[in-house]
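Thanks for making time for this one. I would like to walk through a sheet and the helices on it, and then turn to some annotated positions.

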Amino acid sequence: MALPRKETRNKNINKKIENLKPDTEDGKDEFLTTNQGVRINDNQNSLKSGDRGPSLLEDFILREKITHFDHERIPERVVHARGSAAHGVFKVYKPLAQFTKAKFLNDTKTETPVFVRFSTVAGSRGSSDLARDVRGFAVKLYTEEGNFDIVGNNMPVFFIQDAMKFPDLIHAVKPEPHNEIPQAASAHDTFWDFISLMPEAMHMVMWVMSDRAIPRSLRMMEGFGVHTFRLVNDEGKSCFVKFHWKPLLGVHSVAWDEALNISGRDPDFHRRDLYEAIESGNFPEWELGVQIVPEKDEHAFEFDLLDPTKLIPEEIVPVQRVGKLTLNRNPDNFFSETEQVAFHVGNIVPGIDFTNDPLMQGRLFSYTDTQLIRLGGPNFHEIPINRPVAPVHNNQRDGFMRQTINKGQVSYEPNSLGGGCPFQAKMDQGGFSSFAQRIDAKKVRERSSSFMDHFSQAKLFFNSQSEPEKNHIIDALRFELGKVETLAIRQRMLGLLSQVDRDLAQQVATGLGMPVPKAPEKPMNHSVPADGSPNRYKSVVKESGLPVSQALSMAGTIKNSIATRKVAFLVADGVDAATVTSMKKALESGGAVVELIAPRLGEVNASNKTAFNIKKSFLTGASVFYDAVYVPGGAVSIKTLAGEPDAVHFLNEAYKHCKAIAASEDARPLLKATYFGAALPDGKSKDSASSAGLFIQADTARLAKPFIDAIAQHRFWEREKIRKVPA
Ligand code: HDE
């Protein structure tokens with residue numbers, strides 16, 4: 001990476017970073033050695049019998065080097081294989097003692113170290129960041145009372161209600177087993193075959209077909225714990241809680257066409273964005289939100305709090321923002337930290353507990369189990385990134401790769417020889433004690449009837465979307481189902497969609513050239529109770545009392561800042577230096593990042609004899625990497641750019657992707673060469689949708705203000721109404 005290694009990364013030290021230090025190696029100013037510490041004198045040649053002879057088995061240096069290389073790979077995660085991570089800290093705003101005794105949620109002075117890994121779900125380790133997919137949002141908090149992991153996603157619900165279906169879901173979405181196609185995509189027959197037979201997935205399907213599945217940045221997405229957890233206070237009283245992470249930069253996405261383009265041009269787009277933001281000191285921030293439900297209200301909702309396909313609308317239970325997460329340091333080594341980090345829903349601390357959500361219950365088994373194979377044995381908790389900052393003392397011993405040297409004769413409890421140590425902690429000494437939930441039930445293999453309404457919240461989500469968001473969902477479904485080859489699967493999906501919204505189903509059907517089934521297709525519902533009674537199913541299908549929930553739409557997200565937005569300036573020799581400098585200054589004072597793009601690399605000579613260094617050309621840069629475009633003045637520069645098809649394409653594409661575009665008045669000939677040239681704001685344009693977010697003005701200072709406001713708006717989706725886009 002060409003970035004100057006500004007030492008922001010090493011400035012931010014926390015307790016966990018200290019904890020990692022003894023294991024952190026730096027070869028600077030050191031001799032090359034073997035793993036046994038023997039200095040190596042020749043790292044170019046193997047030991048041979050004569051300079052043209054065979055290599056000798058005794059060459060311990062060659063053998064060691066090759067052997068280690070041969071064993072470098074470990075299995076990738078069975079899901080969430082593709083990920084990027086960062087270190088940071090969490091601090092609570094005010095004590096939450098009323099709800100929980102967890103120390104890190106009560107001590108406003110302590111900065112709890114965290115390690116956060118973001119991921120896509122379906123693709124392999126090397127797949128594109130921009131796949132249409134759920135994003136993992138896994139947070140490990142190294143609290144003084146032990147590690148607490150919130151292993152969440154960027155969507156608040158899930159596809160299935162019971163862990164029993166997880167391997168089926170993942171087998172369906174992963175590349176098909178006979179030909180390993182497609183990579184990192186749900187647009188294929190097996191996924192939609194499964195979904196079309198699982199009505200419980202419909203709410204999640206709405207989320208995953210929405211723009212939430214193609215984030216602009218990992219820094220601009222929400223996180224959700226998904227399941228309902230419990231908080232437990234000092235008196236042993238419990239309440240239910242849903243965890244949220246709210247990004248301070250707002251929630252933003254790219255356009256689908258952009259995502260496709262980025263996947264080819266820079267499949268590491270999100271990873272690079274996170275890395276560069278942290279490296280340049282633009283630390284991503286989220287607030288921790290909690291929705292608290294008192295124990296007595298467990299059954300007060302139209303849905304079951306234990307059902308992970310349901311959310312609690314924020315209008316019904318507001319999200320209280322209780323603390324802040326800041327990511328302020330990139331990992332030093334991708335494999336050691338990002339790849340070897342092992343999250344587990346079961347990593348909780350006193351003051352937090354589980355519920356009986358049957359999806360969560362299955363996860364409590366799965367995460368340790370998967371680490372045993374992925375990381376190779378029971379001591380993965382000793383890998384530096386995984387070990388807590390809280391001390392560890394117990395009688396667990398041995399196993400592959402054991403690091404800890406446990407002293408003494410005793411590895412059992414009770415003991416007298418070791419003085420009874422290590423001893424159990426009473427609750428007031430911080431000992432964990434599970435919430436004493438009363439359970440009196442028959443052992444059954446059944447789905448609760450309170451889990452049977454699969455459509456109300458799917459409808460609520462769809463109804464809550466703005467018009468462009470709805471259109472994007474329709475487009476996404478047309479794309480995904482259009483890739484499905486089996487007509488019966490498309491047909492079943494249209495049947496399910498018609499139960500969410502008739503118009504939605506109709507529009508998707510039009511794109512597929514198929515009719516919507518007249519009556520809703522009877523769901524082939526594996527979730528129907530064992531007695532199979534259709535009445536029982538119907539009786540629990542209720543319309544949600546809430547017509548829309550604003551919080552479900554991205555339209556109302558934070559749009560008051562251009563911090564960290566990337567703006568491309570299109571320049572060529574003869575560019576007017578004053579317009580470049582003054583616009584750059586205006587944008588950078590709002591926190592935006594400016595990059596100059598020219599027909600070639602090297603230097604561009606500006607009108608006043610100054611030169612600008614060019615790091616990106618039209619070949620290495622592309623409009624999809626930027627949030628907005630500015631064309632500075634300078635007649636010579638504009639003439640060159642107007643004759644440069646790549647420059648015209650750059651603008652056409654930025655326009656197509658609904659981005660803010662500003663230009664100096666003398667850039668008009670270049671803009672005229674674009675297909676939206678007719679929509680330039682000159683007072684004559686009738687079509688306000690086409691000129692929204694488009695500014696042309698001689699006075700740079702006057703131009704900067706509306707341009708900045710427009711960049712903060714993120715996208716001008718209304719332009720999509722004009723579908724005459726050749727880009
Ligand atoms: Fe996971 N999930 N999951 N999951 N999950 C894994 O654990 C699993 C679920 C999530 O960055 C695996 O270490 C089951 C919901 C994230 O390292 C595995 C079920 C949610 C990550 C596993 C679920 C998640 C994982 C694979 C249903 C959102 C990446 C590698 C019963 C709340 C963590 C690993 C990271 C990873 C199992 C459902 C989030 C196999 C069985 C719901 C963010 O253990």
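**The sheet and an annotated helix**

Let me start with strand β12, residues 593-598, which is joined to β15 by 2 bridges, the two strands running parallel. Please keep in mind that this is a predicted model. Within that pairing, I597 has K616 in β15 as its bridge partner.

Stepping back, these strands belong to an open sheet of 6 strands with parallel pairing, in the order β15-β12-β11-β16-β17-β18. The edges are taken by β15 (616-617) and β18 (694-697), and because each has a single partner strand, one side of each is left without a neighbour in the sheet. Helix α16, residues 577-589, packs on the sheet, where it touches β11 (566-570), β12, β16 (628-631) and β17 (660-664), and its direction makes about 150° with that of β12. Helix α21, residues 700-713, also packs on the sheet, touching β11, β16, β17 and β18, with a direction at about 175° to that of β17.

Now to the annotation: an unreviewed UniProt entry places the feature "binding site" at R77, R117, F166, R363, Y367 and R374. Of these, Y367 lies in helix α10, residues 358-374, and R374 is placed in helix α10 as well. Y367 is partly exposed, since 16 other C-beta atoms lie within 10 Å, and R374 counts as partly exposed with 16 C-beta neighbours inside 10 Å. Setting aside residues up to four places away in sequence, Y367 touches F343, H344, V345 and G346, whereas R374, with the neighbours within four places left out, is in contact with I74, P75 and R77.

How values were computed
Residues are numbered from 1 along each chain as its sequence is written. This is a predicted model: local features need pLDDT of at least 70, side-chain atom pairs count only at pLDDT 80 or more; totals for chains, interfaces and linings use all residues. Two strands pair if DSSP finds at least two bridges between them. Helices (H or I, at least four residues) and strands (E, at least two) are DSSP runs, numbered from the N terminus. Two residues are in contact if their C-beta atoms, placed from the backbone, lie within 7 Å. Axes are lines fitted to C-alpha atoms, for helices over the stretch in contact, and angles run from 0 to 180 degrees between N-to-C directions. UniProt positions are given in the numbering used here, feature names are shortened, and annotations may be inferred rather than shown by experiment. A residue is buried if 20 or more other C-beta atoms lie within 10 Å of its own, exposed if 12 or fewer, and partly exposed in between; C-beta atoms are placed from the backbone.
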